[in-house]
Amino acid sequence: MTVITRFAPSPTGMLHIGGARTALFNWCYAKKTGGKFLLRIEDTDKERSTKEAIEAIFRDLKWLGLDWDGDATVYQSARAARHAEVAHELVKRGRAYFCYCTPEELEAMKAEAQAKGEQPRYNRMWRDRNPSEAPAGVKPVIRIKAPIDGDTVIEDAVQGRVTVPNSQLDDFILLRSDGSPTYMHAVVVDDADMGITHVIRGDDHLNNAFRQKIIFDAMGWPVPVFGHVPLIHGADGAKLSKRHGAQSVGEFKDMGYLPEAVCNYLLRLGWSHGDDELFTKEQAAEWFDVNDINAGPSRLDMKKLDHVNTHYMRLADDTRLAEEVITRNSLKIDETHKARLLAGIHDLKSRAATLVQLTSEAKFYLVDEVAYDEKAAAALNDHDAHHAMHHIYDALARLGADFTETAIDTACRHIAEHVYAGKLAKVMMPLRAAICGTTTSPPLFKAMEILGQAEVMKRLKAALHWMHDHGHHHH
RNA sequence: GUUCCCUUCGUCUAGAGGCCUAGGACACGUCCCUUUCACGGAUGUAACACGGGUUCGAAUCCCGUAGGGAACGCCA
């Protein structure tokens, strides 16, 4: 039997991080078993479904590298006729029936149940009643004949055996009075028609699984293997929501996380293969088993995501990262800037946790005039610094064609040795501030070599002017 | 309210009755390296929710309790 899994998002919003993980699990399982991974858009809620959301789902899945099989994506809304057909077939087989209750009657039923402290449930008044007794002018719905006695049991691949007494399940609606299918019904018909063998989804659907099994059974269709994955929570343990910051894949992308890092992190959240921490989704697919998904919920830990991302930043190709930096910048960038950036990116990428950080730390390669941040300004606004800067300027000017990392290093250490009793920091602090406008940077001498002598001397001169204008230069 | 699910360091987790003095990763502390910040290396703090069973032996099996979550629509 070929394994067929699916991801079935409803396009009512952006692709959620939890949804992405579900997709990842389904993708991995299909890959592992040599099966298929299908995509179905559950757009039966016409009020809330949007074209933008559908496109965002495609975009984000592709960004994550999750390719789906099948000639075309299945749109649930396009299958309404088939859903209705199955519902009527069920009536014909005596497994479902028309119900002519009005919304008012249902409301009364609910109120009565609540008054008695019971769960609001349909009282099955039309289950065995002859349709000839139907009131005129009421369009019926179709309800399933749910079993009345016994238990319904699901062997869940994640949660284990789950049993619910049938007394808890009522005759829920399959087809609305306007002829449209309910979600519960549409899902089953689609999963059956698509040949889905394994349903891996959020555990908010665990309760639905019982109801869905009833439909599968009524049609005599094989019930797929269910695996209900616990939801991802925020750092405080509450359900992920807007106040936790990012929750959609697009937001993680904007925050500068690499797709391979997001995949790795998400896969490791709630699933494990021993102590393995860093792996590609292809590697995970080889290891993957639904049984290894954890039954308990997990929390999003941005610090750990940062760590995973740091790992993949280092592995990432220089050109790719340079392009990311350029597109994330609003600066006017020419060929000289690009060449500097490409030469400097290697040292830069091992220091940044995200593309956003990388972009910010690469900025000094891309500007023509350095702006000093607060700490850099403080470092320059200093008597010794001004003194040192003159020494540096003179020494570097003498370097001429030998403006290499090594030569610069030697020159700076020479100054430190002879003027500052060997304290190299006395030279480095103002120099870094002048070149980068910050108090942190990648290895500075190398960066200076990349910038080139002309650019460096220009920046040193600018720093000297700045120091002059800011007064603390009496020596 | 009813039903269902969950519970190992702060977080993600390993763990399938003896391999557990409970392991790894992130975070945090200390030290080393160092031109800064990182990285890296070393090292340390830190958990089986609670209470009963079963067993020679329980993080692991069973039952309760507490806490957390989910579902109960002519929403998906």
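Two strands count as paired when DSSP finds at least two bridges between them. Keep that rule in mind for the sheets below.

1. **What kind of model this is.** This is a predicted model. Chain A averages a pLDDT of 91, and 97% of the residues score at least 70. For the complex, the predictor gives an ipTM of 0.93 and a pTM of 0.92. One caution for a new reader: where pLDDT is low, the predicted coordinates should not be read in detail.

2. **The parallel sheet.** Start with the open sheet of three strands, ordered β1-β2-β3. Its pairing is parallel. The strands β1 (4-7) and β3 (74-75) stand at the edges. Each of these has a single partner strand, so one side of each is left without a neighbour in the sheet.

3. **A pair to find.** Look at β2, residues 36-41, beside β3. Two bridges join them in the parallel sense. Which residue of β3 is the bridge partner of Ile41? Tyr75 is that partner.

4. Helix α2, residues 51-64, lies across β1, β2 and β3. The angle between α2 and β2 is about 160°.

5. **The antiparallel sheet.** Another open sheet has three strands in the order β4-β5-β8. Here the pairing is antiparallel. β4 (96-99) and β8 (173-175) are the edge strands, each pairing on one side only. On average, neighbouring strands of this sheet are turned by 45° against each other, direction ignored.

6. **Inside that sheet.** Strand β5, residues 141-144, runs antiparallel to β8, and two bridges join them. Which residue of β8 stands opposite Arg143? Check Ile173. Helix α3, residues 80-92, lies across β4, β5 and β8, at about 120° to β8.

7. **The surface near the RNA.** How many residues surround RNA strand B? The count is 60, and the closest are Arg176, Gly270, Asp275, Arg351 and Arg432. By class, this surface has 19 nonpolar, 23 polar and 18 charged residues. Several elements supply at least two residues each. Among them are β7 (160-165), α6 (206-219) and α10 (302-315). The list also includes β12 (298-299), α17 (425-436) and α18 (444-451).

8. **Which part of the RNA faces the protein.** Take the atoms of RNA strand B within 4 Å of the protein. Of these, 70% belong to sugar or phosphate, and the rest to bases.

9. **Backbone contacts with the RNA.** A polar backbone atom of Tyr183 is 3.0 Å from a phosphate oxygen of RNA strand B. At Glu42, a polar backbone atom is 3.3 Å from a sugar or linking oxygen of RNA strand B.

10. **Two backbone angles to check.** Most residues other than glycine have a negative phi. Arg124 has a positive phi, near 65°. Where is Arg124 found? Look in the loop between α4 (103-115) and β5. Ala421 is not a glycine either, and its phi is positive at about 55°. Ala421 lies in the loop between α16 (405-419) and α17.

Definitions and conventions:
Residues are numbered from 1 along each chain as its sequence is written. Chains are lettered from A and ligands numbered from 1 in the order in which they are written. This is a predicted model: local features need pLDDT of at least 70, side-chain atom pairs count only at pLDDT 80 or more; totals for chains, interfaces and linings use all residues. Side-chain values use heavy atoms; hydrogens and water are left out. A residue is near a molecule or strand if one of its heavy atoms lies within 4 Å of it. A polar contact is a pair of N or O atoms within 3.5 Å; within protein, one must be able to donate a hydrogen and the other to accept it, and residues adjacent in sequence count only if both atoms are side-chain atoms. Helices (H or I, at least four residues) and strands (E, at least two) are DSSP runs, numbered from the N terminus. Ala, Val, Leu, Ile, Met, Phe, Trp, Tyr, Cys and Pro count as nonpolar, Asp, Glu, Lys and Arg as charged, and the others, Gly among them, as polar. Contact means heavy atoms within 4.5 Å. Axes are lines fitted to C-alpha atoms, for helices over the stretch in contact, and angles run from 0 to 180 degrees between N-to-C directions. pLDDT is the predictor's confidence in each residue, from 0 to 100.
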